Amino acid sequence: MNTLRFLTPEDLDQIRMDFETPSFVYDEATLRANARAVMEFPNAFGLFPRYAMKAAPTSAILRIFNEEGLGIDASSVFEVERAVRSGFGTESISLSTQELSEDFRYWIHDGVKTNLCSLHQIHKFGQWGKGESIGLRFNPGVGSGGTNRTNVGGPSSSFGIWKDDLDKARDLCKEYDLKVERIHTHIGSGSDPEVWKRVAAMSLDLVRAFPTVKTLNLGGGYKVARMPDEQATDLLAIGEPVRLLFEQFEKETGRELTLEIEPGTFLLANACSLVTTVQDVTSTGNEGYRFLKLDAGMTEILRPSLYGAQHPIVLVPEGGQDKFREELDQVVVGHCCESGDLLTPAPGDPEAIMTRKLPRGEIGDFCVIEGAGAYCSSMSAKNYNSFPEAAEVLRKLDGSLAFIRKRQTFDQIIENEAVP
Ligand SMILES: *Cc1c(COP(=O)(O)O)cnc(C)c1O
């Protein structure tokens with residue numbers, strides 16, 4: 001499996017010449033196709049999908065999703081600002097944040113929505129915006145993330161109001177005259193329709209407790225298959241049972257709920273390739289490994305070091321794939337002086353080094369990390385070892401390539417420093 005997902009070897013030569021490596025290259029056709037698939041999510045009484053922009057918040061990407069009709073799920077007040085500057089109307093933005101910062105009070109009256117995520121947040125918001133409409137994010141008590149670090153529901157997750165605090169939350173909302181219009185649960189439900197059904201049913205029970213609620217937001221967490229052996233989410237398969245539950249809920253209660261979903265990974269993961277160069281090759285002998293050292297690493301892509309996440313790695317000799325190379329077990333590492341800067345960890349275990357069968361890598365080869373769209377550029381160990389932030393490039397519908405974020409300059413790395 002040494003095939004590029006959407007780039008061609010000619011693209012790689014052009015990227016090296018015009019944009020340098022490392023560069024993230026996003027594919028506009030894939031972004032738009034994914035957005036359209038999300039817009040088709042089954043629903044009973046209306047759907048509003050939001051892009052969870054923390055996956056990749058660059059303006060050109062936001063603008064594409066705005067054109068496709070998606071709204072925004074922002075995870076900080078800074079993301080709210082970024083979405084507005086990229087052309088999103090304030091009414092299409094919703095904030096679900098771990099840190100409800102003071103600055104958010106100025107957005108409330110502009111129509112930005114929020115899902116309050118803790119009892120303290122209800123207090124805080126209540127003091128700024130008495131009488132406003134709000135959403136509440138609950139932790140329904142179950143989660144289904146792939147690892148402890150991606151699990152966002154259940155007792156080991158701090159996200160949302162704990163299910164047993166429902167009465168306290170309701171009392172607080174009364175105290176501040178807050179009208180609860182939305183219930184939000186995001187537990188990283190994955191690709192199993194049974195899990196979605198269970199979470200939707202539990203979330204509908206929360207809706208029952210708040211007669212003013214009109215919208216149920218089930219969050220994101222739709223898994224994608226980056227590697228060939230991974231299970232992708234079939235949106236129609238997970239959405240259909242949820243649609244039926246909404247209909248059943250209407251029959252029981254007469255309430256027609258709008259469905260909101262908030263995919264990040266689903267929209268972005270396979271829409272981007274990180275193009276790097278093998279800049280060194282070392283070996284630790286027969287008992288050891290052959291290491292390919294890239295001109296990128298945890299400064300661009302942290303997921304392998306953080307979660308033991310697996311990304312396809314494609315090796316392409318300069319000038320195309322015509323040169324035959326034998327396949328070898330090799331280890332791919334990043335350019336940071338940090339033994340955890342590893343692109344081939346064992347699955348789910350960032351501590352364990354693994355080899356990957358790849359064509360024999362040589363200095364100067366392209367090494368393309370696929371599946372690098374979600375939580376890569378946006379979640380890097382930026383400027384570690386003082387490497388500049390990599391460029392981001394868009395492969396447009398006509399196949400041409402353009403910067404959407406230039407490489408950081410050296411001056412930008414140190415611009416906020418002071419020597420008193
Ligand atoms: C991160 C996040 C999402 C998106 O999660 P994915 O796994 O990328 O789909 C959606 N909603 C909220 C509240 C989030 O924090």
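Pro22 lies in the loop between helix α1 (9-18) and strand β1 (23-27), where helices (H or I, at least four residues) and strands (E, at least two) are DSSP runs numbered from the N terminus. The peptide bond that leads from Thr21 to Pro22 is cis, with omega near 0°.

The model is predicted, so local features need pLDDT of at least 70 and side-chain atom pairs count only at pLDDT 80 or more, whereas totals for chains, interfaces and linings use all residues. Residues are numbered from 1 along each chain as its sequence is written, and side-chain values use heavy atoms, with hydrogens and water left out.

- Asn385 is not a glycine, yet it has a positive phi of about 60°.
- Asn385 is found in the loop between β18 (366-369) and β19 (391-395).

**Surroundings of the ligand**

- There are 13 residues around the ligand, and Lys54, Gly221, Glu262, Thr265 and Tyr375 come nearest; a residue is near a molecule if one of its heavy atoms lies within 4 Å of it.
- Lys54 places a polar side-chain atom 2.8 Å from an oxygen atom of the ligand, and a polar contact is a pair of N or O atoms within 3.5 Å.
- For Glu262, a polar side-chain atom lies 2.6 Å from a nitrogen atom of the ligand.
- Thr265 takes part through its backbone, a polar atom of which is 2.8 Å from an oxygen atom of the ligand.

**Packing of α8 and α9**

- Helix α8 (residues 193-208) packs with helix α9 (residues 235-253) at an angle of about 25°, their axes being 9 Å apart. Axes are lines fitted to C-alpha atoms, for helices over the stretch in contact, and angles run from 0 to 180 degrees between N-to-C directions.
- Therefore α8 is roughly parallel to α9, as angles under 35 degrees count as roughly parallel, over 145 as roughly antiparallel, 65 to 115 as roughly perpendicular and the rest as oblique.

**Packing of α2 and α3**

- Helix α2 (residues 28-39) and helix α3 (residues 59-67) pack at about 40°, with axes 10 Å apart.
- That angle makes α2 oblique to α3.
- The contact is made by Glu28, Leu31, Arg32 and Ala35 of α2 and by Ile64, Phe65 and Glu67 of α3.

Methods. A polar contact is a pair of N or O atoms within 3.5 Å; within protein, one must be able to donate a hydrogen and the other to accept it, and residues adjacent in sequence count only if both atoms are side-chain atoms. Contact means heavy atoms within 4.5 Å.
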